[in-house]
There are 2 protein chains.
Amino acid sequence: MAEDKLTPQSENFSEWYNQIVQKAELADYAPVRGCMVVRPYGWALWENIQAALDKRFKASGHVNAAFPLLIPMSFLEKEKEHVEGFAPELAVVTHGGGELLEEPLVVRPTSETIIGYMYSKWVKSYRDLPILINQWGNVVRWEMRTRMFLRTLEFYWQEGHTVHSTDKEAMEETRRMLDTYHDFAVNEGAVPVIRGRKSQTEKFAGAVSSWTIEGMMRDTRALQSGTSHYFGQNFAKAFDIKFLDWNNELQYAYTTSWGLSTRFVGAIIMTHGDDQGLILPPRLAPTQLVIVPIYRDDAERSLVMPVVEQVRQKLAAFRVHVDDRDGLTPGFKYHEWEMRGVPLRVEVGPKDVEKNSVALARRDQPGKAGKTFVSQDGLEHSVAALLDEIQAALLARATAFRDEHIYDAKDYQELTEAVQKGWALSWWCGSAECEAKVKEDTKATTRCLPLDQPGGTGKCAVCGQPATEKIYFARAY
Amino acid sequence: MAEDKLTPQSENFSEWYNQIVQKAELADYAPVRGCMVVRPYGWALWENIQAALDKRFKASGHVNAAFPLLIPMSFLEKEKEHVEGFAPELAVVTHGGGELLEEPLVVRPTSETIIGYMYSKWVKSYRDLPILINQWGNVVRWEMRTRMFLRTLEFYWQEGHTVHSTDKEAMEETRRMLDTYHDFAVNEGAVPVIRGRKSQTEKFAGAVSSWTIEGMMRDTRALQSGTSHYFGQNFAKAFDIKFLDWNNELQYAYTTSWGLSTRFVGAIIMTHGDDQGLILPPRLAPTQLVIVPIYRDDAERSLVMPVVEQVRQKLAAFRVHVDDRDGLTPGFKYHEWEMRGVPLRVEVGPKDVEKNSVALARRDQPGKAGKTFVSQDGLEHSVAALLDEIQAALLARATAFRDEHIYDAKDYQELTEAVQKGWALSWWCGSAECEAKVKEDTKATTRCLPLDQPGGTGKCAVCGQPATEKIYFARAY
């Protein structure tokens, strides 16, 4: 790992981001344009994200399965809006086993079509419903402007695809999974996302309505961090998913899909990181604690190391790493683990051996403010409490930052000013023209109509027409 | 699930296999030739396989990462044997984002090349070694003759790729992972595989030596169930993976790779299954126990169901499912869970309520022989013991079957007879000509030179020339 410092966030946030991804060894550039290699540290973070989500999915009755990577091109064309949305982004397999294929296959950009095809085979009766299947996998979208984790040609995600016998149940599922993402983001990632509905312009290609969790990054840009889509009968009609209902009549089913991707790694980096590097929330951090032994010579070393081992054993319930590399100064090690965002550092030196203590240093409070000295007795309890405190502090800090950068914008001037320094929350008449005008003038897009609405009516901040809902405008990734 | 019976193994093993995959809802045919959809029950089995392996990999210092799906065609061409082996099986992406690509990309058939490229960037000094990375993912090989789980265009696997500073350490790793696969197969899958080295004809394209675990299926065919390859410096030279050694001299590194795939699901099906359906080893079974309530009317139902709930709670430490579907007979349910191979059935009826007992029915011993009545008191202990007993019985049965079908073949006549009814274990001179002759005459191939060698010398069963090692010949999947 390079020892040099990061470009400060305030100087060039985008450069800071690119550097941190490399220096914390989260990912590296692949030899194919726009693709990334997720390195072991980045993948361990993603594995923790996966575990936290998968547990939630299974607790709400979902099961995992695997559908093919390669999809016949003709499948994409069955849903008009869907193919319009995805056609420009496809990677196409034209040759297999040395032969030109009769029909080209696309590398899945998302799996509604092939899963819809299988569901049409599996669903016969209302007794087969609901189907609640999730898939963990990779997808490919031929993006022009790419950035590690945020937008890459290939990315990793989960995509849930469900089938229901009523519109009500399908909408409940759409909302349940939105809430699941919100719960995960807030309580595991300490990312205080805002839930809401996408505008018709911004919804998923083929959806009736799309729902999103939106996070505010430390440059105040928005990051769409997970989405849940209600399809009504759109895909059921395109793929002929029909069932015999309770009256023995054939009906089209209702479907949903919902996804969260490795993009969430970007959300964590840009919500919590600082100029020293990553800051990882304890619940998702691959390493929650690093123990750094401190000694100046062999005599001190042989005094310290047995205590380090005792401390390690005491903390075995946590994800703990002992940095016992020889020939490196403690300061060098501190710097490395700060860059990697390990939430808590445990220092053990000769004085600690003498006093039966350790020093604990919080990553989220650099310097003296975050340093405490505690007894080795009951250390596992002090550490557990401190990790909870760090988790809560990260969420509180990110929430405060977000709230400080949301501006109630009553008119167009306030709106255009607000999106230069944060997010604008404004009455909106619902027209695509107003969205387009804001985008053209400011590059800000509508992020979501939040669930939390004030009620009543107001005037659209863009055109002044009557409006019944408020919406967030922001520059976004 | 269809109620009709399976074609018996003895009548048509291949048909039995295809039916069981469908009827147990492990997988379904995808709309693209040779691809499969792994259904939730099949994927849950694979998830348990993944967990058992991943735990072993991590315990031996390996970490996971993710490398790109798409590989520049030119990468494949850097290792001569490798490209010769894989070129005929490639799926090729020629178009991306609506444009013809300057260089075609292949969908990875295996990842030695792209990982080798990244390793050449990451490895500078002996301090960077060893690299012990594993990847869970999907690969595509354009196979002509496909069969669910055994050989599909796309399949799921893990591929470990390691780099070492000495040949000794790389060979130790190759052998360590072979032993890991053996341990997993025997102790989790109850599949008594035989470890050994592949002949030069049968080794992986680009390897110095390939090592394998070979299982005997119930039709006596061999199934290669996991492989571990020693590459020497072949890939290091092709991809320029060099490091500064302890003397500050630049050296090529030594690499290995090792993989186990969804093919292992096929190994489990064909090692343990019978004419009633799947039989799953308790340690890997998605559902270890199914509780079937037995009642004839509402009165009995209201007597039985509260006890079923008590029993379920008592058995909550296991992977347990209560089949409380109304309107289906117990017999119908038994049949379904037998088809799905659930190791143990727990029956609770009115008499059991009265006697504070339950009936336990073993999947591996159908009928009365496998049925016992035990007290509800301490049920969790009886069940734990019985699951261990089932796990051991499956391994013992498969081992006995295997050993009954291995024949010491001294000459060519014995060899050709043996491979019609099982495996031949014969002295072999080491020549590819002798392998080719056996293959042409009998369709049997060499499976492995087992680790366990008798020592001494003998005469090659094919040509009569002196031989120092014994090898297995068998018809294989």
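I started with strand β9 (residues 194–197) of chain A, which pairs with β10(A) in the antiparallel sense over 4 bridges. Strands here are DSSP runs of E, at least two residues, numbered from the N terminus, and two strands pair if DSSP finds at least two bridges between them. This is a predicted model, in which local features need pLDDT of at least 70, side-chain atom pairs count only at pLDDT 80 or more, and totals for chains, interfaces and linings use all residues. Residues are numbered from 1 along each chain as its sequence is written, while chains are lettered from A and ligands numbered from 1 in the order in which they are written.

I looked up A:R195 and found A:I213 as its bridge partner in β10(A).

Next I checked the cover on β10 (residues 209–216) of chain A: 7 of its 8 residues are buried (20 or more other C-beta atoms within 10 Å of a residue's own, C-beta atoms being placed from the backbone).

I then followed β10(A) to β11 (residues 222–230) of chain A; these two strands pair in the antiparallel sense over 8 bridges. A:G215 stands opposite A:L223 in β11(A). The hairpin has 5 residues between the strands, and A:T220 takes a positive phi near 70 degrees there.

Last, I turned to the two chains. I noted 41 residues of chain B in contact with 41 residues of chain A, contact meaning C-beta atoms, placed from the backbone, within 7 Å. Strand β5 (residues 91–96) of chain B gives the largest share of chain B's side, 6 residues. β5 (residues 91–96) of chain A runs antiparallel to β5(B), joined by 5 bridges, and A:H95 stands opposite B:V92.

How values were computed. Buried ≥ 20, exposed ≤ 12 C-beta atoms within 10 Å, placed from the backbone. Contact = placed C-beta atoms within 7 Å.
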